[in-house]
Amino acid sequence: WNNSFGYIAFLYNLCYTVALFWMLLFYVGTEELLKPYKPLIKFFVFKSVIFLTFWQGLVVSFMATRMGWTPDDSEALMNW
C-alpha cells in the first residue's frame, strides 16, 4: 500500500460490488417483466467478463512489481 494503486483497486472493487448489488435488486424488482428475455444468464456472463479482466490486471501488476518485470513484459502479458 505504498502507492495509490492499492487504494484505487480497493475502491474500484467496492464500487463494482455495490453496483452489482443494485443491479441484482433491480432484477429482483423487475423479474416478472423480464422473464421472457431470460436476462439472468446474460447478466452474469457480461459481469463475469468485466470482473475477471479486472482481477487479471490486478494479478499481472502484482506479479510485475514482485518479480521485477519491465513495463513491456507486463503489457505483453495483458495483451496476449
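Guide: Start with the whole chain. A compact globule of 80 residues would have a radius of gyration near 12 Å, while this chain has 17 Å. That radius is taken over C-alpha atoms, and the globule rule is 2.2 Å times the number of residues to the power 0.38. The C-alpha trace spans about 55 × 30 × 10 Å along its principal axes.

A word on sources. This is a predicted model, where local features need pLDDT of at least 70, side-chain atom pairs count only at pLDDT 80 or more, and totals for chains, interfaces and linings use all residues. Residues are numbered from 1 along each chain as its sequence is written, and side-chain values use heavy atoms, leaving out hydrogens and water.

The chain holds 4 helices and 0 strands. Helices (H or I, at least four residues) and strands (E, at least two) are DSSP runs, numbered from the N terminus.

Which residues of H3 are buried? They are Phe-43, Lys-47, Phe-54, Leu-58, Val-60 and Ala-64. Buried means under 20% relative accessible area, with a 1.4 Å probe and protein chains only. An α-helix has 3.6 residues a turn, so residues three or four places apart point the same way.

The cover over the buried residues of H3 includes helix H1 (5-29) and helix H4 (71-78). After H3 comes Gly-68, with a positive phi near 75°. Across the chain, buried residues make up 15% of the 80.

Conventions. Buried means under 20% relative accessible area, exposed over 50%, partly exposed in between (1.4 Å probe, protein chains only). Contact means heavy atoms within 4.5 Å.
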